[in-house]
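Keep the structure open as you read.

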Amino acid sequence: MTNNTSDWVARSLKSVWHPCTQMQHHETVPLIPVSHGRGAWLYDHDGRRYLDAISSWWVNLFGHANPRINAALRDQLDMLEHAMLAGFTHEPVIRLSERLSALTGGVLGHAFYASDGASAVEIALKMSFHAWRNAGRGEKQEFVCLQGSYHGETIGALAVTDVALFKDAYGPLLRATQTVMSPDARQARDGETAQDVARRAAADVQRLFEAKADKIAAIIIEPLVQCAAGMAMHDPLYLQLVRELCDKHAVHLIFDEIAVGCGRTGTFFACEQAGIWPDFVTLSKGISGGYLPLSLVLTRDEIYQAFYSADITRGFLHSHSYTGNPLACRAALATLDIFEEDGVLEANRGRAGKLAAAMAPLADHPRASNMRQRGMILAFDAVGVDKAFSRRFFANATRNELLLRPIGATVYLMPPYILDDEEIAGLAARTQAVFEQTLAEA
Ligand SMILES: Cc1ncc(COP(=O)(O)O)c(C=O)c1O
């Protein structure tokens, strides 16, 4: 048996069903079997390399095969690979919970664990409803989400997702949800600022809360950047205004920081830029450095206390087999160590500035609009392109040593926090070349 790319592709297509993929597209779009990863690069079996400019679906923070995370995991492997978390506890999960609580200044004092992001969203929704029920407000059963929101693919998370492509087929299975205006700053009318759009969007929430807050358990928001909507960015003012409305109308505020947390937007938690805390934060993706499936929900102590009782049915009986997996928690601890020891947030400010400067020529491109950036996320929208733009761009990118997957017409960069100057320059130059090439093919 040979060990080359075409062999692995054939075997994969015969046996593996890939996520978020119409498998027939692989008749024309390449499938890339990864042999190994080092730093920001992925390598295939033929020795070709790809700069992982989207951090492998937004999870990788400090590169592939990071020596410090690897060492922590090796050490943990010899100690404890896994133990159930009901009735037992262990050092990695305790230390991680303590450190995350400290990062919120103790405001969100308890952490509940799961594996994937969608599971954390399910937990936050269930906790919100059940906390109200325990408080004698069982009629608060509805959830509010934003236009263009994305919170995952499980039935509950999909119900608060507003992406027709992912949701429509499953409509009959999903609970009805209230959808409010997105604060996406691209909707600014003539003379309007991003803050004006934020105010308009908050007014939409206000109207809904005034009409029926007594039926609403929670509103769920991706703070600062609605990533899957196409890196739709908004002003932090929106988060402050919604916090005020939630306080006034007794509605829980859930911030889904699965994509935007862990330093992605410039602060460890995106909501720090608004100077407010929600009642729940969901985290996943980058928290394990992109190594292992780990997700969690941080809650305020009032929420925790709403479940604390002699009555078992008032407890939060949700569980997953791998809840609080020690290896995943240890990877997360190593990730937090790197943040602290390397002054990552500060260093990223420099990196983000260099990325912006290198991509600046595209701001004046007649076929590129809405160049925008928040921390280590940079995006622009291709103008006048067809539906196959994203797939063609991806294929051209791979031929130019880049892993980039536009969302519709939105081209975005979301690289690991380790790119050096040469990699930043190369990424920007190649992105622009691939853009030109893809436009020229249409
Ligand atoms: C904001 C947000 N929430 C939830 C999820 C779902 O996470 P997972 O894919 O790990 O289930 C994602 C995934 O992209 C996300 O971006």
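Helix H4 (residues 91–103) and helix H11 pack with their axes 8 Å apart, at an angle of about 40 degrees. Here axes are lines fitted to C-alpha atoms, for helices over the stretch in contact, and angles run from 0 to 180 degrees between N-to-C directions. H4 is therefore oblique to H11, since angles under 35 degrees count as roughly parallel, over 145 as roughly antiparallel, 65 to 115 as roughly perpendicular and the rest as oblique. The crossing is left-handed, meaning that the near helix is turned anticlockwise from the far one by less than a right angle. On the H4 side, the residues in contact include Pro92, Leu96 and Leu103, and H11 contributes Cys329, Leu333 and Leu336, among others. Contact means heavy atoms within 4.5 Å, and helices are DSSP runs (H or I, at least four residues) numbered from the N terminus.

A word on the model itself: it is predicted, so local features need pLDDT of at least 70 and side-chain atom pairs count only at pLDDT 80 or more, while totals for chains, interfaces and linings use all residues. Residues are numbered from 1 along each chain as its sequence is written, and side-chain values use heavy atoms, leaving out hydrogens and water.

Now for the nonpolar core, a set of buried Ala, Val, Leu, Ile, Met, Phe, Trp, Tyr and Cys residues joined through side-chain atoms within 4.5 Å. The largest one has 106 residues, of which Phe209, Ile219, Met231, Tyr238 and Ile287 touch the most other members. Helix H11 (residues 326–342) supplies the largest share, 10 residues. Both domain 1 and domain 2 give this core at least three residues each.

Which helix holds Phe209? Phe209 sits in H8 (residues 194–212), and at 1% relative accessibility it counts as buried (under 20% relative accessible area; exposed is over 50%, partly exposed in between; 1.4 Å probe, protein chains only). Beyond its neighbours within four places in sequence, Phe209 contacts Val144, Ile216, Ile219, Leu245, Cys246, His249 and Val251. Tyr238, not counting residues up to four places away, touches residues including Leu146, Met181, Pro183 and Ile221. Another core, of 26 residues, lies apart from the largest one and includes Phe280 and Phe316.

Finally, step back to the domains, whose bounds come from an automatic or database domain assignment. The chain divides into domain 1 (7–65 + 343–441) and domain 2 (70–342). Their centres, taken over C-alpha atoms, are 26 Å apart, and the contact takes 30 residues from domain 1 and 34 residues from domain 2.

Technical notes. Helices (H or I, at least four residues) and strands (E, at least two) are DSSP runs, numbered from the N terminus.
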